[in-house]
Amino acid sequence: MIPLRPLTLVALLTVAALSANAAANTDPTAVQPGTYTIEPSHTRVLFAVDHFGTSTWYGDFTHVSGTLKLDPRNIAASEVTVSVPTDSLSTTNADLDETLKSADWFNVESFPTMTFKSTRVTSTGPGRASIEGDLTLHGVTRPVVLQARFKGAAGPNAILRAYQIGFDIRGKIKRSDFGLRKYLATVGDDVDLIISAPFNRSAASAGH
């Protein structure tokens with residue numbers, strides 16, 4: 001066995017301590033109540049749609065903002081609002097991105113933001129909730145239902161400067177309901193939504 005040098009040992013112990021400190025608590029009952037804001041750097045709003053019946057096409061939106069009011073002892077009182085800049089759309093295909101941002105599709109010049117505002121939150125099991133709300137997209141507002149699963153809580157620590165909680169969220173919409181009707185015969189109407197959203201607890205909440 002090769003003996004570890006003192007500095008190497010210290011570095012390994014430091015990494016181990018940071019990793020342990022950053023580990024998430026997956027117990028939903030241990031979540032701190034308060035007001036949270038979306039952490040935009042790691043929030044992704046992905047969509048998936050059938051393409052000609054031969055593949056599934058994916059894209060996503062970034063630079064998301066929003067707030068969450070949460071008390072794990074009273075889930076029904078929770079409120080969430082989300083705002084997504086449509087110009088952040090990306091499919092990894094630059095030409096397609098420009099097409100989807102055009103007036104034929106998302107028309108980001110006329111509709112620069114899509115929003116979601118919850119109207120009812122219902123617990124569906126430990127760490128799970130059904131979120132009913134109004135989605136405004138392409139100038140049209142329709143009710144949608146999202147299914148949220150608590151992923152974990154962590155921090156504040158050397159890596160996360162704020163106490164943070166995160167959720168995996170899924171939903172389904174019909175794009176035609178929002179006036180996005182281009183190529184309905186070949187590109188699917190049903191759109192799957194896949195959202196990964198971490199929220200940071202506000203400083204004001206941390207004081208309570």
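Let me start with a term: buried means under 20% relative accessible area, exposed means over 50%, and partly exposed is in between, with a 1.4 Å probe and protein chains only. One more: helices (H or I, at least four residues) and strands (E, at least two) are DSSP runs, numbered from the N terminus.

Now, what are we looking at? This is a predicted model, where local features need pLDDT of at least 70 and side-chain atom pairs count only at pLDDT 80 or more, while totals for chains, interfaces and linings use all residues. Residues are numbered from 1 along each chain as its sequence is written, and side-chain values use heavy atoms, with hydrogens and water left out.

First, the overall layout. The protein has three helices and 10 strands. Along the sequence the order is α-β-β-β-β-β-α-β-β-β-β-β-α. Of the 208 residues, 36% are buried. Contact here means heavy atoms within 4.5 Å. Take the contacts with a separation of 6 or more: 55% of them join residues 24 or more positions apart.

Next, strand S4, residues 65-70. Which residues sit on its covered face, and which on its uncovered one? Gly66, Leu68 and Leu70 are on the covered face. Ser65, Thr67 and Lys69 are on the uncovered face. In a regular strand, side chains alternate between the two faces of the sheet.

S4 has partners. Two strands count as paired if DSSP finds at least two bridges between them. S1 and S4 run antiparallel, joined by four bridges. Thr37 has Thr67 as its bridge partner there. S4 also pairs with S5, residues 79-85, antiparallel, over five bridges. In that pair, Leu68 is bridged to Val80.

Stay with S1 for a moment. That strand covers residues 34-38, and Gly34 is in it. Leaving out residues up to four places away in sequence, Gly34 touches Leu68, Lys69, Leu70, Arg201 and Ser205. Gly34 and Asn200 are 166 residues apart along the chain, yet their C-alpha atoms are separated by 10.0 Å.

On to S2, residues 44-51. S2 pairs with S10, residues 187-201, in the antiparallel sense, over seven bridges. Val45 has Ile195 as its bridge partner in S10. S2 also pairs with S3, residues 55-61, again antiparallel, over seven bridges. Val49 stands opposite Trp57 in S3.

The hairpin of S2 and S3 has three residues between the strands. Phe52 is in that loop. Phe52 is not a glycine, but has a positive phi of about 60 degrees. Is Phe52 buried or exposed? Exposed, with a relative accessible area of 51%.

Compare His138, in the loop between S7 (128-137) and S8. His138 is not a glycine either, and its phi is positive, about 60 degrees. His138 is buried, with a relative accessible area of 16%.

One more backbone point. The peptide bond from Gly155 to Pro156 is cis, with omega near -10 degrees. Pro156 is in the loop between S8 and S9.

Now the core. A nonpolar core is a set of buried Ala, Val, Leu, Ile, Met, Phe, Trp, Tyr and Cys residues joined through side-chain atoms within 4.5 Å. The largest one has 43 residues, and Phe106, Ile165 and Phe199 have the most contacts inside it. S10 gives the most to this core, six residues. In soluble globular proteins, nonpolar side chains tend to be buried together.

What does Ile165 contact, beyond its neighbours within four places in sequence? The list includes Val31, Tyr36, Leu68, Leu70, Phe150 and Phe199.

Ala23 touches Ala153 and Ala154, not counting residues up to four places away in sequence. Ala23 and Gly152 are 129 residues apart in sequence, and 9.0 Å apart in space, C-alpha to C-alpha.

That is the tour.
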